[in-house]
Structure formats: C-alpha cells, structure tokens
Amino acid sequence: MTAKQLKSIANTSYILGIVCALMIYTQHTFGYFYVIRTGFYVFGGLGLILSLLQFRFLPENQWGDFNLLFWIGSAVIFIGFAFQNLHIKYASLVLILGLAVTGISYFINPFKRRKDEENDILDN
C-alpha cells in the first residue's frame, strides 16, 4: 500500500468520524446512538492511526512536511471528544488543550531540521 492510498483511506475515515461526531452532538442519531458512537471511535481512531502510518511509506526527503506536534494535538482532541462523549470530568479542558497544541503546530514545527543544521559538511 502506498502513502497516497493510506492518505485517502485516512481522510475518508476522518470524514466519517466527523459526520458521526456531528450526528452525536446535534442529537440526530435516528435511534442508533450506540452504533454512531462506536463509528465515531472506530473511524476517528483509524483515521488518526493511518495518518501517522502514511509517513512510514514516504521517502525520507518528503518528511519535511510532517509535523509531529500536529498529530499529538489531533490525538489529544480525539481523546477530548471521547471524554466528552463519555461525560468524563474536564473533557472541555482536554479539548481546548488539543486545539491549542494543534493551532500552535501551524506556526511552529519543533521537529523540523533547519537547513543550516543539516549534515552537509564539506571535507577539507
């Protein structure tokens, strides 16, 4: 399986997970609340895992776009939604923390190597 195929499957899973979450939070589950909640967990988790796995299949020269901080924030958001769905205390704080980490990741990528830090040292 290629990275492009994994990305399309991960994006489809994310979309299905978001649809399930919207149905749960708008209370339009059409009598299938537990099925839709299970779909939210399965599709959301699958999308997150497949998105992380797709970078295993990318060539190393394309890893510059990978931002681990973004994926950490996404995992915290998913956990926050699960907490909120299960009515666990402090779920809103976990969601806010995940959203903050994800937002910061758009401006900062602490795991990206700078061009001046690369090992392109010329031999003397």
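View 1. The model shown here is predicted. With a relative accessibility of 60%, Y106 counts as exposed, because the cut-off for that class is over 50%. Y106 belongs to a nonpolar surface patch together with I104, F107 and I108. The accessible area of the four residues together is about 520 Å².

**View 2. Helix α2 from end to end.** Helix α2 covers residues 33–53, a run of 21 residues. At 1.5 Å a residue, the helix should span 30 Å. Buried positions in α2 include I36, G39, F40 and G44. G45, G47, L48, L50 and S51 are also buried.

**View 3. Backbone of the loop between α1 and α2.** Most residues other than glycine have a negative phi. Q27 is not a glycine, yet its phi is positive, at about 60 degrees. Q27 is found in the loop between α1 (3–25) and α2. Its relative accessibility is 70%, so Q27 counts as exposed. F30 lies in the loop between α1 and α2. F30 has a positive phi of about 55 degrees and is not a glycine either. F30 is exposed, with a relative accessible area of 67%.

View 4. A pair of aromatic rings is described by the distance of the centres and the angle of the planes. The count for this model comes to seven aromatic pairs. One of the pairs is F33 with Y34, in an edge-to-face arrangement. Their rings are 5.4 Å apart, centre to centre, with 75 degrees between the planes. F33 is partly exposed, at 30% relative accessible area. Y34 is exposed, at 59%. The ring centres of F40 and F81 are 6.2 Å apart. Their planes meet at 85 degrees, so this pair is edge-to-face. The pair links distant parts of the chain, with F40 in helix α2 and F81 in helix α3 (residues 68–85). The two residues are 41 residues apart.

**View 5. The aromatic cluster around F40 and F81.** Ring pairs join Y25, F40, Y41, F78 and F81 into a cluster. F81 has 28% and counts as partly exposed.

Conventions
Residues numbered from 1 in each chain as written. Predicted model: local features only at pLDDT ≥ 70, side-chain atom pairs only at ≥ 80, totals over all residues. Heavy atoms only, no water. Patch = residues over 30% accessible without salt bridge, like charges linked within 9 Å, V, L, I, M, F, W, Y side chains within 5 Å. Areas by Shrake-Rupley, 256 points an atom, 1.4 Å probe, with all protein chains shown as cover. Salt bridge = Lys/Arg side-chain N within 4 Å of Asp/Glu carboxyl O. Buried < 20%, exposed > 50% of the residue type's maximum accessible area, 1.4 Å probe, protein only. Helix = DSSP H or I, 4+ residues; strand = E, 2+ residues; numbered from the N terminus. Expected span 1.5 Å × (residues − 1). Phe/Tyr/Trp six-rings, centres within 6.5 Å; stacked < 30°, edge-to-face > 60°.
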